[in-house]
Amino acid sequence: MKYFLILIGGATGALCRVLISEVIERAQFLFFPLGIFSVNIFGCFLLGILINLMGPNMKKSMNLFC
């Protein structure tokens, strides 16, 4: 189960990072990788909210997912 959660978390994060950063970087003409930066900030914010809403038993499993 542990490796499955790591696999799902990694695949979901990588796919979201690529899709969102491509959309943001098409709209911007900057030398700074704004797409990757914004995906990282949004992902940290979303995971922080999700982990705080979970119960104590689920937090152990969620650490593997993150």
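These are my notebook entries on a predicted model of one protein chain.

**Ground rules.** I number residues from 1 along each chain as its sequence is written, and my side-chain values use heavy atoms, leaving out hydrogens and water. As the model is predicted, local features need pLDDT of at least 70 and side-chain atom pairs count only at pLDDT 80 or more, while totals for chains, interfaces and linings use all residues.

**Confidence.** I looked up pLDDT, the predictor's confidence in each residue, from 0 to 100. The chain averages 76, and 76% of its residues score at least 70.

**Layout.** How many helices and strands are in the chain? I found 3 helices and 0 strands. I took both as DSSP runs numbered from the N terminus: helices are H or I with at least four residues, strands are E with at least two. The order from the N terminus is α-α-α.

**Surface.** Accessible areas come from the Shrake-Rupley method with a 1.4 Å probe, and for residues only the protein chains shown count as cover. I noted about 5500 Å² of accessible surface for the chain, with 74% of it on carbon and sulfur atoms. Of the 66 residues, 9% count as buried. Buried means under 20% relative accessible area, exposed over 50%, and partly exposed in between (1.4 Å probe, protein chains only).

**The start of the chain.** Met1 sits in the segment before helix 1. Is Met1 buried or exposed? Met1 is exposed, because its relative accessible area is 74%. I also found Met1 in a nonpolar surface patch of about 460 Å², together with Phe4, Leu7 and Ile8. Nonpolar side chains (Val, Leu, Ile, Met, Phe, Trp, Tyr) are joined within 5 Å, like charges within 9 Å.

Arg17 belongs to helix 1 (residues 2-27) and is partly exposed, because its relative accessibility is 36%. Leaving out residues up to four places away in sequence, Arg17 touches Val39 and Asn40; contact means heavy atoms within 4.5 Å. Arg17 and Gly43 are 26 residues apart along the chain, yet I read 8.9 Å between their C-alpha atoms. Leu19 is in helix 1 too, and at 48% relative accessible area Leu19 is partly exposed. From Leu19 to Val39 I count 20 residues in sequence and 9.6 Å from C-alpha to C-alpha.

Of the contacts with a separation of 6 or more, 23% join residues 24 or more positions apart.

**Cysteines.** Cys16 is partly exposed at 38% relative accessibility, whereas Cys44 is exposed at 59%. A disulfide is a pair of cysteine sulfur atoms within 2.5 Å, and by this rule I count 0 disulfides.

Conventions:
Patches are made of residues with over 30% relative accessible area and no salt bridge: like charges are joined within 9 Å, nonpolar side chains (Val, Leu, Ile, Met, Phe, Trp, Tyr) within 5 Å. A salt bridge is a side-chain nitrogen of Lys or Arg within 4 Å of a carboxyl oxygen of Asp or Glu.
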